[in-house]
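Dear colleague,

Please find below the structure that I am handing over to you.

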Amino acid sequence: MAHTRFDPITLEILWTRLVSIVDEAAANYVRTAFSTLVQESNDFAVVLTDAQGRSLAQSTKSIPSFIGTLPRTVGHFLDRFPANTLKPGDVLITNDPWLGTGHLPDISIAMPLFHKRKLVAFAAVTSHMPDIGGRTWNAGIRELFEEGLQIPPLKLIEAGRINETAVAFIRQNVRVPELTMGDVWAEVACCHCIGEGLINLIEEAGVEVAALAKEVQRRSENAMRAAIEAIPDGVYRSRVENDVGLEESLVAECRMTVKGSNMAIDYTGSTRQLPRAINSVPAYTFAYTCFGVKAVLSPDLPNNDGSYRPITTWAPEGTIFNPRYPAACTTRGMAGQLLPPAVMLALAEAIPDRIQGCPGSPQCSMMLSGEHRGRGYALINFASGSMGGGPRRDGVSTVSFPSNVANVPMEVSESLLPIRVLRRERREGSGGAGKYRGGDGQRVEFEFLGETPGVASILMNRLNHPAAGVLGGKEGATGCAYLNGKPRLPSEHWVLNKGDRVMLETPGGGGYGAP
């Protein structure tokens with residue numbers, strides 16, 4: 001007989017087993033994927049949802065935004081393909097920004113899981129692909145149609161039969177089809193791994209997935225509500241400003257209303273939707289808002305649908321946090337990753353012992369593409385900034401926050417690209433002063449060795465607006481990008497010729513408390 005009620009010990013065992021299933025599948029994805037974005041940079045997430053698409057378990061090393069967006073993608077798949085039309089062997093695919101992670105380079109895959117021909121759950125993966133065609137990602141892009149191939153929700157595999165037309169369309173539209181489709185098929189294999197693990201658990205433990213999901217989500221919701229209730233009722237505000245080298249800076253106006261166990265966050269007053277690739281769709285806005293709330297209030301609480309139920313977000317349509325289609329959005333992290341700092345600054349007065357200065361790291365990276373020795377290449381290398389100082393220690397240097405992508409090792413970059421890395425070092429003193437200093441950014445410099453020109457797409461923020469400190473802490477240093485020793489705006493594509501030198505200086509984090 002299936003378990004429908006759970007004592008604390010049984011619940012802990014089953015919950016740990018679910019996380020282990022998803023983590024094992026994620027490890028298999030890393031081993032089977034083709035690109036450095038998965039193998040080195042951790043730019044993906046794996047999620048198990050219940051039959052309604054509500055998140056139940058996630059891989060331990062997941063990107064925070066993907067954790068919040070991927071279950072919503074499963075829900076959109078169900079809108080397009082109702083549960084009663086799905087069959088064993090179906091695999092669903094999309095990269096629609098408004099239905100997924102907020103930009104085209106992320107391809108999301110979901111597989112319905114059946115036990116005794118009954119739909120019991122979904123396995124889902126989303127991952128940043130090596131390439132999706134179009135112009136390589138850059139903040140200066142003006143509309144979605146420049147950004148690459150759009151894949152509407154469709155069946156990549158139907159009842160075990162591969163949709164060869166869809167595969168051909170993807171391969172024809174990307175610069176590195178072997179790498180891109182290699183990662184897509186690795187996503188499919190990852191979903192199969194989750195399915196095998198879940199069915200084994202159902203048969204070994206006699207567990208009913210719907211009942212287990214309901215219990216885990218209920219407990220998580222109650223814990224989050226208790227954490228919100230501990231904050232005094234009221235309205236809390238903050239303003240975070242950033243820039244990416246464009247004519248207009250980015251402003252996140254945060255108005256947080258706490259009432260009992262509910263938290264509503266309103267971004268009215270934030271920057272209008274821009275004709276640039278930095279707009280954050282509502283799902284991405286919600287995901288990074290929830291990450292900020294959870295990181296402050298209950299960092300040890302398991303991530304699942306229950307964790308997010310007490311939180312609502314809203315932004316007026318036509319603003320940077322709720323753009324109208326077909327707004328450009330490929331570098332949406334430039335805006336969306338301002339939201340966790342906005343949440344923290346809003347709560348500075350209420351819970352000063354849990355927040356930190358603004359990070360200097362949102363979305364610092366470079367994509368290099370071209371052809372070398374008869375083969376095409378396209379590789380993204382992250383150049384992380386830093387975290388802000390916190391209530392008990394200095395900010396961590398040269399790490400990605402609020403995302404958690406990793407830097408690609410220099411040796412890997414040199415082996416895959418026509419470049420010679422000249423230096424990669426900590427940018428000493430770039431963190432803001434404070435009782436606890438902000439973390440330092442980094443300095444990366446390389447020489448281009450390609451016999452034919454290459455294209456560099458650089459994402460760099462805080463060129464004019466440094467990361468703010470909190471509670472008297474000082475601001476960090478601004479960032480800068482150089483071509484052959486001269487500062488140059490990163491909000492345009494750079495054509496590199498043999499011998500050109502590129503240097504990136506990433507921003508420092510804000511300090512915490514008066515120095």
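R423 stands opposite E445, a residue of strand 15. Please note that the model is a predicted one.

The pairing just mentioned belongs to a wider arrangement. Strand 14, residues 419–426, and strand 15 run antiparallel and are joined by seven bridges. Strand 15 also pairs with strand 20, which covers residues 501–505; this pairing is antiparallel as well and has five bridges. Within it, R443 has E505 of strand 20 as its bridge partner.

Strand 15 itself spans residues 442–448 and is mostly covered, with seven of its seven residues buried. Q442, V444, F446 and F448 point one way from the strand, while R443, E445 and E447 point the other way. The residues on both sides are buried.

Which side chain of opposite charge is nearest to D243, and how far away is it? It is R462, at 6.4 Å. D243 is buried and has no salt bridge; a salt bridge would require the charged atoms to be within 4 Å.

The side chain of D243 does, however, reach the backbone nitrogen of N464 at 2.9 Å. Leaving aside residues up to four places away in sequence, D243 touches S249, M460, N461, R462, L463, N464 and H465.

With kind regards

Notes. Residues numbered from 1 in each chain as written. Predicted model: local features only at pLDDT ≥ 70, side-chain atom pairs only at ≥ 80, totals over all residues. Heavy atoms only, no water. Buried < 20%, exposed > 50% of the residue type's maximum accessible area, 1.4 Å probe, protein only. Lys, Arg positive; Asp, Glu negative; His and termini not counted. Polar contact = N/O pair within 3.5 Å; in protein donor to acceptor, adjacent residues only side chain to side chain. Contact = heavy atoms within 4.5 Å. Helix = DSSP H or I, 4+ residues; strand = E, 2+ residues; numbered from the N terminus. Pairing = 2+ DSSP bridges.
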